[in-house]
Amino acid sequence: MPLIVTRDLRKVFRSAKRFPGALGALRGLFSPVYEDRVAVTGLSMEIERGEFIGYIGPNGAGKSTTIKMLTGILVPSGGEVEVAGIVPHRKRRENARNIGVVFGQRTQLYWDLPLVDSFELLRAIYGIPQDRYRRSLDAFVELLEMGDFLRTPVRQLSLGQRMRGDFAAAMLHEPPILYLDEPTIGLDVVAKEAIRTFVSRVNREQGTTIVLTTHDLADVERLCRRIVLIDHGRAIFDGPIERIKNEYGRERTLVVRFTETTSAPAIPGARLESLEGLTARFVFDRATQRVDRLVREVSDRYSVEDIAIEEPELEGIIRHIYTQGYAGEERSA
Amino acid sequence: MFAPYIEYARKAFAREATYRIELIAEIGSLVLRVYLLRSLWTALYAHNAAPTGLPLHSMVTYTTVALLMSLVLEVDGTRVIREKLREGGIAVDLMKPIVVPFAYFSDGIGQTLLHAAAIVPSLLFALLLVRIDVPSLPVLAIFFCSFALGYGVNFFVNFLMNGVAFWTLETFGLQLIVRWISDLLSGQILPLSFFPGWFGRAVFALPFAAIYSTPLLVYVGIIPPAKWAAALAVQATWLAVTAGASYLLWRAASRRVVVQGG
Ligand SMILES: Nc1ncnc2c1ncn2[C@@H]1O[C@H](COP(=O)(O)OP(=O)(O)O)[C@@H](O)[C@H]1O
Ligand SMILES: [Mg+2]
């Protein structure tokens, strides 16, 4: 039995259209015109206990809306959703005990109070016994290196410090499920890395099921095995990262560095993409061309200093899918 | 079961306590207003410009006690609702295993308790400037009961006002108008018995009178012991009405947030 199940999940936002000016406001008041915006549609997915899912898509794709339906604070317009056997919006409070949530753009910490005060409030909210609270707080303080600012008012923390506080806050009650909505947005490289190490460890050691929403694909490549790709409210891919790479990333790049200036170098079976100084980039199809032959050809023809082969980056593949559409095989149901 | 809500109140208390300068300024401004109003009423009474029926010392007592009460009653504990709606914090609260309006109510209690702590020093300073009447023990007891009921009515009137933010986030104009009407019609500035004719009778039929006027009129003795029960019953009725309306508003509003998206 999967931990999280959605079937044909749908959310349509209905909002009154606004007209400009005071007259417009009046008109809106007396004869409102409604606009429907489909945020999520036909979303069916199953997530097993212990999985780490990258839920990705461009801005406005419907990621946050999905997370809100999974937390029970939004009622779906259609379809079904079940999290750990509970329909979230029917039993919001019961569901809340199973989940931890981190939003990159907002904090659940008390702005004016020392960080530790927010943790104390959460201890009372979840009824965590004192000794267990002490133990997990100590563990978080060590893992997230929060010792220096535990007693500092949250308003004085840097974004990276605050995010670490938010992670600890989301996990103090040791929930089996964690939803992370753009948690690394705006963080510097070091802070990002600290957070990534932390969540991957939580997933591995405690078996916490994690749904990560992001448009930083480096996060996903580092952390997730499976991705769900969503665009215009629709899941257009659901599967392992390798599969999307295989289907879309058949192209490889052969990077050749010559020892002397070479004009218009060419290799049969590969296309010259660029030539800058001594470095040429050839693109070839991995399925039809053998790498060893290409390498041999280029070193036979030219005087070569160095050769490297570049794998396609997830970033490039995803960008390609958003602009060209997904044309892979129908995803398995 | 109550532990989360007690903690919400404690955190609100601690949070408000970080605004120490504001609190000191509040006490200072209160003491100043006590002094100014005493001077004003003394001058008016000296020129017989004030309505009769209330001797000067009762009038000064009335305004001073009203100002002290305002330390607690002007705390808008439900302001958090408006802020949380505007900044989206309400979503985070809904993701917790709590009854959200109870949490906000507790937050309001915490804020109130902190401001209540300012009453004692304010009273001491005020007593250096004015002399106020101290009524008998039974009158004081009824005054505090009436004050508690008034606190409840005030809370829910604020709740209803801030709850409008669920439909339109811009509530500032409305706030200002309701605040102004409430200040005038609640008897905070003037005893309502001063208003003449039908208007004087009408103001007693509004919920605002239950906030300041009833406890204050008990304190200065305009409401005699024989009418205590009736006066408190009217307050209790307003408490029930505003609480009921708040419940309905919350139900409609939270449905709206959850169905429409916040
Ligand atoms: N409360 C709302 N009212 C109306 N439209 C909304 C609301 N919330 C989100 N939307 C719309 O739904 C779509 C999906 O939004 P969202 O789930 O926030 O996207 P993402 O998180 O992937 O960036 C967007 O077009 C957005 O404008
Ligand atoms: Mg989002």
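In chain A, residues 24 or more positions apart account for 72% of the contacts with a separation of 6 or more. This is a predicted model. Chain A has 11 helices and 13 strands. Two of its open sheets are described below, one of 6 strands and one of 3 strands.

**Chain A overall**

- The chain has 333 residues, and 49% of them count as buried.
- Its C-alpha atoms fill a box of roughly 75 × 55 × 50 Å along the principal axes.
- The accessible surface comes to about 16700 Å². Carbon and sulfur atoms own 47% of that surface.

**The six-stranded sheet**

- The strand order is E5-E6-E7-E3-E8-E9 in chain A, and the pairing is mixed.
- Strand E5 (99-103) and strand E9 (234-240) of chain A are the edges, each pairing on one side only.
- On average, neighbouring strands are turned by 15 degrees against each other, direction ignored.
- Strands E3 (residues 52-56) and E8 (residues 226-231) of chain A pair in the parallel sense. Their pairing runs over 4 bridges.
- Within this sheet, A:Tyr55 stands opposite A:Val228 in E8(A).

**The three-stranded sheet**

- Here the order is E2-E1-E4 in chain A, with antiparallel pairing.
- The edge strands are E2 and strand E4 (78-83) of chain A, and each pairs on one side only.
- The twist averages 30 degrees from one strand to the next.
- Strand E1 (residues 4-16) of chain A runs antiparallel to E4(A), and 5 bridges join them.
- A:Ile4 stands opposite A:Val83 in E4(A).

**Ligand 1**

- Ligand 1 lies between chains A and B.
- 13 residues surround the ligand. The closest are A:Gly60, A:Gly62, A:Lys63, A:Ser64 and A:Thr65.
- Strand E2 (34-47) and H2 of chain A each supply at least two residues of the shell.
- A:Gly60 places a backbone N or O atom 2.7 Å from an oxygen atom of ligand 1.
- For A:Ala61, a backbone N or O atom lies 3.2 Å from an oxygen atom of the ligand.
- A:Ser64 uses its side chain: a polar atom there lies 2.7 Å from an oxygen atom of ligand 1.
- On its own, ligand 1 has 560 Å² of accessible area, and the protein covers 71% of it.

**Positive phi in chain A**

- Most residues other than glycine have a negative phi.
- A:Glu182 has a positive phi of about 50 degrees although it is not a glycine. A:Glu182 is found in the loop between E6 and helix H7 (189-206) of chain A.
- A:Glu182 counts as buried because its relative accessibility is 8%, and buried means under 20%.
- A:Ala264 is not a glycine either, and its phi is positive, near 45 degrees. The residue lies in the loop between strand E10 (251-258) and strand E11 (271-276) of chain A.
- A:Ala264 is exposed because its relative accessible area is 64%, and exposed means over 50%.

**A buried threonine in chain B**

- B:Thr63 sits in helix H3 (residues 56-73) of chain B.
- With 2% relative accessibility, B:Thr63 counts as buried.
- Leaving aside neighbours within four places in sequence, B:Thr63 is in contact with B:Leu37, B:Trp41 and B:Ile189.

How values were computed
Residues numbered from 1 in each chain as written. Chains lettered and ligands numbered in written order. Predicted model: local features only at pLDDT ≥ 70, side-chain atom pairs only at ≥ 80, totals over all residues. Heavy atoms only, no water. Pairing = 2+ DSSP bridges. Axes fitted to C-alpha atoms, helices over the stretch in contact; angles between N-to-C directions. Buried < 20%, exposed > 50% of the residue type's maximum accessible area, 1.4 Å probe, protein only. Contact = heavy atoms within 4.5 Å. Near = heavy atom within 4 Å. Polar contact = N/O pair within 3.5 Å; in protein donor to acceptor, adjacent residues only side chain to side chain. Areas by Shrake-Rupley, 256 points an atom, 1.4 Å probe, with all protein chains shown as cover.
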